[in-house]
Structure formats: structure tokens, C-alpha cells
Amino acid sequence: MDYVLWLKTIQKISSYALENCFVPISEIIAVEETEFNKKQRNIGRWQKMAKLHAFTVHYVKKARNHRWRCSAATFWCVDEHLCNQWTQALKELLEMQKSRPKQLLVYINPFGGKRQGKRIYEQKVAPLFSLASISTDVVVTEHANHAKDNLFEVNIYKYDGVVCVGGDGMFSEVMHGLIGRMQKDSGIDQNNPKASLVQCNIRIGIIPAGSTDCICYSTVGISDPVTSALHIIVGDCQPLDVSSVHHNDTFLKYSVSLLGYGFYGDILKDSEKKRWMGPMRYDYSGFKTFLSHHYYEGTIAYQPAKHTHGSPRDKVSCRTGCYICKQSEKQLAEQNKEHGLKKEEGEEEWKVIKGKFLAINAVNMSCACPRSPKGLSPAAHLADGSADLILVRKCSRFDFLRYLVRHTNQDDQFDFPFVDVYRVKCFQFTSKLSEDNESNVMDVGKKRFGQFCRDHPACCCNIVNSTWNCDGETLDSSAIEVRVHCQLMKLFARGIEEDCKDEAGHSQSSIEQLL
């Protein structure tokens, strides 16, 4: 029987059960046969029929604020053969969705956030994976770097993806394990800052369960375990830029969200001493750091990201299927093909900036969160091969407060004379009192740099350098070299959707259209 005829028949038969349910095949979770009980059969016109045959379609229901939920629609008729044909046809269509995972490796951090990771996974996520016939191998981590070390030992190639249940720290651990494993298997030396890293094609899924879930919020639009689980089930894929951080030809860390020196580095360093306070430690340390008003003197050298099609101040946000990311990736690939991947640094244009800074931030994504819906750089893109370098120069406390407040409203946070922002593909930083004389910033970094405190003697501070905040983890080396690797890894996500309508507002990209 022709699919169109099937559809008209089933719509006519089921019109008493559900009106106008339009769902893309790509957002159907599962199809299963359904048994009717007596109460269901004794409804209206169906009570005279001897037996009903039915199947249930479980699908994604979209609500406001990018939230997804699992909903279901049941179709029934008296023709058993027709019902079976529909069930089989829909299952075959789901099998054709090759991007969907069949087997996942899951790491659960039972200690992060409010220690709810294990409960969240078992009660909210595992039932959905089971419904979608996804098999899982679950590892509950017992100590720091458990997941990272384990990823160097297991056969990762038998999995369609790796899922981390926790906060940004848990994601960072899984990311380092996966990327590190790929470089090891490919014979790439991670200590070489100029090495062309091998792309990691094993996707990472994030089930938010931490104190901060910035990465999940910036790539999905909400920190919600069920929404993230559904993105994993339907097999969404979002490429993600990754920055590598080196010091003296030694690999330190990878970063996907924030690299912060000065204000955000000082907050992290102070808050780590107060973990007993829970999430409140960030508010306390933030207020304390703001009052201290430390600034740091140093030199920054960067290479502009000339391949990008956007700019940090164009107010064009990164959204699902982002045109700027696609075009920037294409342009970067053409540049690499033309000039070669191992082009010498001396051939590139470097720009050098010296000054006194309250904060130096480099972000690969907007870094949006519930408290700061726009993030540190609203127009930053997830996969354009660049980072936004934000320099906040020395200013008064009042002016700095004005800048911070704009993170929470719709005003242009870069519209200050003491704030500069650049889109870069790599940069280097050396503090004035740094002892790392070998950190060469295009022949201007060989001097010794550091912090001046004589301009505000009342602070009585003895800090010579700040600390780098690398995705929520501290880096003690103040002199670093940072490079952006375009789309080095992939997430089970689709970016933030432009218009997230409810079920009634679904487009006509439906079962009818696809069949």
C-alpha cells in the first residue's frame, strides 16, 4: 500500500484520538505496539468493535525557552495488518537515521554540584535511553580524572558517543580524555603548540548536573537533563572549536568556553579555598575580588582571525545551522590548503598590546548562563575557528561595575573606552613580573613583566600574578600561548534554535511530508 494512502487512512481512523499532530521523523524517539485495556475500548464509536490494534509514537515535544519533553501519540484501527505495516514502516524509517547513537559510554560524577548526578541519570535519562533502545555502559567516577584516565584504556571506537553527567568540570575531563586519546592513537605530540590536531569524531553528550553548566546552556539554550537526553537520542551534532593552551612548548589544557586572567582568575582561585560553601562561594569570591580591584600589567600578542565572516560586535548570534560558522570553516580550509597547515608564524601578522588590565578574557562561545543570558561575548560563534579576546583595561571600580552589570542586560557591554574586543585565531600573553623569559611574544615577551601596586597602596596586596581560569580550572602559569582549533570536537547538540515553538506551532515538516 502506498505511504500516502496509508497516511490518509490512518489520519481518518485516528482523528478521534488526536488532532493534527505533525512531527518530523528526525524527532521521533520510538515506535511501539500498544495494548488497549477495556476502559480505552469502551469510548464512543469504538465500543461496538471486537478488537482494536494500535501503535504509539513517542516524539519530541518542544516548549518555550528551548525546553524539550517526550510526548506520545497513539493511533488505532481494526485492521491488524494495516497497523503492523505502519509500525514496521516507521521503525524502518527510524533505522535509516544513521546519526542516532546505538551504544553509549556514560560517565557519572556523583560528587559534582548538589551531588544529584546519579539520581538525575537514573530517574530522568536512563528511561529515555531505554525507550530509544540505546544500550549503555555506565561508569560512576570515584576520583578526579577517573573518566579521563579511563578513556585512554577502553575501546572507545565501539561507542557512538560518550555522555558525561555532571558540570563543566566533568565535561572538561571527558573532553581531555577523548581528544588526548585521539592524538595518542594518531601519533600527534600535544606538547607541540603548532601541531595540527586530529579531529575527534566521537560525539560528547552533556547531561547537566553541576554547579555551573555554561557549556550546555551555550550550546542547547537551557540546562535541563531531559532536553539534553533527547538531543542525544535524536543524534544531533554540533561541531565545537577547542583552544589549546601551552607554556614553554608544554601542553597545559584545552578550553572550549572561558580563558580568564585577572578578575575571573582571581575569583576562581579564591573560590577553590571555599568549596565547603557550595555554589555560594562564587558570589562571595566575586564580591571580594571586585572590592580588591587588582589590575595586572603585561603584553598580549595576537593574530587576527581574518577568515571569519563575523565580528564580535555585529550582534549576530550563533544559532542552529549557523551560516557564519559554515562560511568561516570553508574559508579557513581554503587558507590552509593554499598556504599549508604548518605555515611559519613569522609570515603571519601579529598585533601587540601592552597595558594594565583588570581582566583578560578569551572565549570560544558566548559563555551564556541563567545569570548572564547574553554571556561574555554575545556574538561569539561555536565553530568558526576563532576566539573573542576581550581586554578590560584599568578603570575605576564604578566603571568596572558598569561593565559587569551589562552582562545581565541587553546593553552593549563592549561600548566602553576601557574595553577592547578582537576576534583572533591565536594569542600569547606574558605578565610583567613573569620569570618565563623563554615565552617569546614576537620578540617583545623576553622582558620581565608583572603587576604594579604602587598606584593603590591601601590594598596592601602582595600578588605578583593572577591565575588563568581555564573552563573553571586554575592554570598557575601566567605566560601562555593559545591556539584555536576549528571544529576539533562534536557535541550531541544542534546549537540554540532561533524559534523554539510549542507543539501547536510545529511546521509542516512532518510525518506526512517525509513519507
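Modeller: Two notes first. This is a predicted model, in which local features need pLDDT of at least 70 and side-chain atom pairs count only at pLDDT 80 or more, while totals for chains, interfaces and linings use all residues. Residues are numbered from 1 along each chain as its sequence is written, and side-chain values use heavy atoms, with hydrogens and water left out.

Colleague: Thanks! How many helices and strands does the chain have, and what percentage of its residues count as buried?

Modeller: Helices (H or I, at least four residues) and strands (E, at least two) are DSSP runs, numbered from the N terminus. On that basis the chain has 13 helices and 17 strands. Buried means under 20% relative accessible area, exposed over 50%, and partly exposed in between (1.4 Å probe, protein chains only). Of the 515 residues, the buried share is 54%.

Colleague: Among contacts with a separation of 6 or more, what share comes from residues 24 or more positions apart?

Modeller: Contact here means heavy atoms within 4.5 Å. Among the contacts in the chain with a separation of 6 or more, the share from residues 24 or more positions apart is 78%.

Colleague: Which residues of helix 12 are buried, and what covers them?

Modeller: In helix 12, residues 397-405, the buried ones are Phe400, Tyr403 and Leu404. They span an arc of only 95 degrees around the axis, which puts them on the same side of helix 12; the arc is that of the directions from the helix axis to the C-beta atoms. An α-helix has 3.6 residues a turn, so residues three or four places apart point the same way. The cover includes helix 9 (263-271), helix 10 (280-292), strand 12 (351-363), strand 13 (387-393) and strand 14 (419-431).

Colleague: Helix 9 and helix 10 also meet each other, then. How do their axes cross: roughly parallel or oblique?

Modeller: The two axes come within 9 Å and cross at roughly 130 degrees, where axes are lines fitted to C-alpha atoms, for helices over the stretch in contact, and angles run from 0 to 180 degrees between N-to-C directions. Angles under 35 degrees count as roughly parallel, over 145 as roughly antiparallel, 65 to 115 as roughly perpendicular and the rest as oblique. Residues in the contact include Phe263 and Ile267 of helix 9 and Tyr282 and Phe290 of helix 10. Helix 9 is therefore, relative to helix 10, oblique.

Colleague: And helix 4 with helix 8: is that crossing left-handed or right-handed?

Modeller: Helix 4 (residues 117-131) packs against helix 8 at about 30 degrees, with the axes 10 Å apart, so the two are roughly parallel. Ile120, Val125 and Leu128 of helix 4 are among the contact residues, as are Val226, Ala229 and Ile233 of helix 8. A crossing is left-handed if the near helix is turned anticlockwise from the far one by less than a right angle, and right-handed if clockwise. By that rule, the crossing of helix 4 and helix 8 is right-handed.

Colleague: Last one: which residues does Ser71 contact, leaving aside neighbours within four places in sequence?

Modeller: Ser71 lies in strand 3, residues 68-77. Its relative accessible area is 18%, so Ser71 is buried. With those neighbours left aside, its contacts are Val57, His58, Tyr59 and Lys61.
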